[in-house]
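This report goes through a structure, one topic under each heading. The sequence and model come first.

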Protein chains: 2
Amino acid sequence: MTGGVRGGPTLSPSTRVRTTPFTPRIEAAGVTAYTVYNHTLLPTVFRSLDEDYWHLRAHVQLWDVACQRQVDVRGPDAARLVQLLTPRDLSAAAPGRCLYAPLVDADGGVVNDPVISVLADDHFWLSIADADVDLWVSGLAHGLDLDVSVSTPPVTPLAVQGPWAEDLVARIFGDASREIRFFRFAHLTFAGHPLMVARTGWSRQGGYEIYVDRDDLALPLWDALWDAGQDLGVAAGGPNLIERIEGGLLSYGADMTRAHNPFECRFERFCHLDRPTTFLGRAALERIAARGVARRIMGLELDAATLPPCVAPWPVTVGSQRVGEVSSAAVSPARRRGVAIAMLDRSHARPGAEVTVATPDGVVVATVMDLPFPPSPAAVPA
Amino acid sequence: MTGGVRGGPTLSPSTRVRTTPFTPRIEAAGVTAYTVYNHTLLPTVFRSLDEDYWHLRAHVQLWDVACQRQVDVRGPDAARLVQLLTPRDLSAAAPGRCLYAPLVDADGGVVNDPVISVLADDHFWLSIADADVDLWVSGLAHGLDLDVSVSTPPVTPLAVQGPWAEDLVARIFGDASREIRFFRFAHLTFAGHPLMVARTGWSRQGGYEIYVDRDDLALPLWDALWDAGQDLGVAAGGPNLIERIEGGLLSYGADMTRAHNPFECRFERFCHLDRPTTFLGRAALERIAARGVARRIMGLELDAATLPPCVAPWPVTVGSQRVGEVSSAAVSPARRRGVAIAMLDRSHARPGAEVTVATPDGVVVATVMDLPFPPSPAAVPA
């Protein structure tokens with residue numbers, strides 16, 4: 001796959017990898033790289049990782065995140081089922097809230113890390129990372145004979161991210177959008193239709209995700225935001241590898257999998273073992289909590305001005321001892337060094353520890369960092 | 001995505017989209033297109049779709065199909081659970097058999113269409129199409145409190161496909177490999193290690209799939225087949241869009257989804273409603289069988305010398321009436337016309353019916369065909 005980023009292989013066209021209602025605008029905006037996420041095209045790069053990074057931090061971007069499929073759970077047993085999925089206590093979660101919640105299996109392995117939107121006491125949307133969570137939830141619901149319906153409605157989120165996101169969204173949805181608090185949502189009107197607008201998104205620049213539930217509104221909404229944002233420097237963008245590593249945002253399937261438990265992923269604050277919540281992996285998580293974890297996810301700052309793309313985990317060593325592996329890495333133009341996310345043995349999972357990383361292009365010295373990374377300059381250095 | 005095949009966007013590198021143990025040879029062989037399948041790179045094109053097609057039909061190819069993950073189900077309740085998943089009666093399935101089996105949910109929707117290998121009476125591998133079947137099976141197993149373990153072991157299939165596959169595989173595994181019957185497997189020795197060798201594969205040219213369960217054997221096996229096959233014209237290949245459409249091989253997620261039932265997908269012969277088998281969707285399938293299906297998957301021959309890539313379904317019409325949609329299409333150089341797979345209203349799902357197809361490049365006249373397509377010349381026209 002190193003060839004893939006160096007002008008090599010393209011992505012085969014098929015209907016199995018879905019386009020989205022926004023794809024025409026994405027293509028027109030000059031997308032240069034996609035990934036495939038939940039069987040759907042996710043635009044990742046337009047100009048370059050670096051240029052997109054600086055732009056995201058200074059302006060406002062529209063992201064086609066239709067790949068964030070919504071697993072819709074509703075019915076008399078919906079609240080019980082959704083609580084079964086996660087160690088996060090949802091008992092006080094009122095409609096209008098969005099909750100980031102790791103899902104765990106019976107062994108305590110992380111199945112996904114969706115944002116759960118509470119639409120009503122008996123109606124939830126799980127905005128999922130890259131895995132077929134609908135199959136997991138359906139299988140459990142059927143096996144447990146629960147009175148719920150589980151579906152994946154045609155909802156295609158559009159993210160508006162960046163420091164000018166609040167102003168841009170207010171120009172389309174009115175000042176009510178400014179009142180939406182972090183990880184809350186409201187239904188606001190566009191073209192006479194109420195759309196769910198949430199103060200969420202996969203960057204730390206701030207912004208919204210708009211859940212477009214009518215395909216015919218997708219391009220009008222894109223165009224309205226585009227036209228209204230010209231003086232704010234609006235551009236097409238996508239989750240930015242550099243920015244999300246610095247922001248400590250983990251990518252499910254890369255930085256964590258079912259082979260990891262939530263404590264290794266620093267999700268303690270979402271594991272309410274001290275409350276009487278009934279969820280699938282409770283016994284497993286109690287065992288793990290009692291004995292402690294052997295590894296933990298951390299940041300790394302790499303002494304490197306260039307790095308190859310990280311397409312397979314890079315070993316992390318201290319002397320001849322392997323102490324972990326890097327799962328995501330990029331060079332940050334703001335720090336002028338490499339930044340990475342790594343799962344490290346507990347012994348070395350402390351800020352300031354010195355390690356070495358074996359990249360395909362050679363060994364690099366690195367320093368362990370807390371996640372997220374501390375702030376860095378938000379403008380292109382002169 | 002039309003840009004994707006015309007020299008446009010590449011595929012973003014990440015560890016979330018897995019490379020495979022064969023990737024170094026795939027890159028060295030000059031892969032020009034990948035798709036992403038089960039979160040894994042699947043090489044699809046090397047020289048061109050047409051050249052790869054002619055080569056596959058005349059010679060022998062090595063395919064990196066590591067993306068065909070194996071969902072391993074074992075334990076006292078394994079046979080009961082695997083039977084619950086599919087309407088195909090597995091009661092007589094002995095170890096050594098491979099069974100193509102649609103999986104259905106409680107509503108009769110197709111969840112996947114794996115090949116199920118019977119390793120022992122209480123041990124099965126589901127070689128899955130593009131969906132996280134492990135989550136479905138795990139969810140059911142947990143919900144039903146069954147005594148099974150469900151896992152996804154590190155097994156990476158390598159397919160050897162084409163008219164010379166039997167000779168090539170015999171050069172490495174001995175004549176015992178010639179004795180393996182269609183949809184059976186045997187354990188044969190390579191480098192002192194027994195590998196599961198099955199007479200299966202996603203082409204109709206014949207061949208094998210070798211289930212490599214030790215990563216360190218992947219490149220030695222590739223190299224042994226490569227070296228032994230030089231006089232047979234061995235080349236790197238992959239599932240070929242043209243060949244598989246002509247062969248009537250359906251692609252899960254493209255040609256069929258959970259929105260389709262197995263009768264619409266022509267899977268009657270795998271739906272044993274007349275036997276006392278207990279499976280999830282029985283009630284739903286009995287209802288559907290009683291009332292008949294409204295649509296059915298068919299082939300289309302299109303009166304076109306060129307076609308754009310099919311990245312979103314193409315409407316099929318008769319006059320002003322919409323009668324279905326195309327899910328996969330390509331121009332066959334052997335037929336010198338377009339070939340396609342389409343889900344058509346029952347009224348038009350009969351060979352010989354004339355329809356029109358709205359492609360992004362214009363309307364094309366088409367004739368409905370049975371699947372698979374009849375044989376066509378196997379050599380490049382002079």
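## Surroundings of B:Asn112

Which residues does B:Asn112 touch, not counting residues up to four places away in sequence? In this predicted model, B:Asn112 touches B:Ala101, B:Pro102, B:Leu103, B:Ile128, B:Ala129, B:Asp130, B:Ala131, B:Val133 and B:Tyr252, where contact means heavy atoms within 4.5 Å.

B:Asn112 belongs to strand β8 (residues 110-112) of chain B. Helices (H or I, at least four residues) and strands (E, at least two) are DSSP runs, numbered from the N terminus. B:Asn112 counts as buried because its relative accessibility is 0%; buried means under 20% relative accessible area, exposed over 50%, and partly exposed in between (1.4 Å probe, protein chains only). Its side chain reaches the backbone nitrogen of B:Ala129 at 2.9 Å.

## Basis and confidence

Residues are numbered from 1 along each chain as its sequence is written, and chains are lettered from A and ligands numbered from 1 in the order in which they are written. Local features need pLDDT of at least 70, side-chain atom pairs count only at pLDDT 80 or more, totals for chains, interfaces and linings use all residues, and side-chain values use heavy atoms, with hydrogens and water left out.

The model has ipTM 0.96 and pTM 0.96. For chain A the mean pLDDT (the predictor's confidence in each residue, from 0 to 100) is 96, and 97% of the residues reach 70 or more. In residues 1-6 of chain A the pLDDT is below 50, and this stretch has 22 contacts in the model beyond near neighbours in sequence.

A cavity is a set of points, on a 1 Å grid over the protein atoms alone, where a 1.4 Å probe fits but cannot get out; lining residues have an atom within 4 Å of a point. Grid points are joined across faces, edges and corners, and a volume is the space filled by probe spheres set on the points.

The largest cavity has a volume of about 130 Å³. Its lining holds 16 residues, of which A:His39, A:Asp130, B:Val36, B:His39 and B:Asp130 lie nearest the centre. By class, the lining has six nonpolar, four polar and six charged residues. Ala, Val, Leu, Ile, Met, Phe, Trp, Tyr, Cys and Pro count as nonpolar, Asp, Glu, Lys and Arg as charged, and the others, Gly among them, as polar.

## Helix packing

In helix α3 (residues 49-58) of chain A, the buried residues are A:Asp52, A:Tyr53, A:Trp54, A:His55, A:Leu56 and A:Arg57. They pack against β3 (40-45), β4 (61-64), β12 (156-161), β16 (235-237), α8 (241-246) and β19 (321-332) of chain A.

Helix α6 (residues 165-173) of chain B has B:Ala165, B:Leu168, B:Val169, B:Ala170 and B:Phe173 as its buried residues. The elements covering them include β13 (185-190), β14 (193-198) and α7 (218-228) of chain B. After α6(B) comes B:Gly174, with a positive phi near 85°.

## Backbone geometry

A cis peptide bond joins A:Leu371 and A:Pro372, with omega about -5°; A:Pro372 is in the segment after β22 (362-369) of chain A. The bond from B:Leu371 to B:Pro372 is cis, with omega near -10°.

A:Arg336, not a glycine, has a positive phi of about 60°. A:Arg336 sits in the loop between β19 and β20 (337-345) of chain A and counts as exposed because its relative accessibility is 56%. B:Phe183 has a positive phi near 60° and is found in the loop between α6 and β13 of chain B. At 21% relative accessibility, B:Phe183 counts as partly exposed.

Definitions and conventions
A polar contact is a pair of N or O atoms within 3.5 Å; within protein, one must be able to donate a hydrogen and the other to accept it, and residues adjacent in sequence count only if both atoms are side-chain atoms. On a 1 Å grid over the protein atoms alone, a cavity is a set of points where a 1.4 Å probe fits but cannot get out, and a pocket is an open set with protein on both sides within 12 Å along at least five of seven lines; lining residues have an atom within 4 Å of a point.
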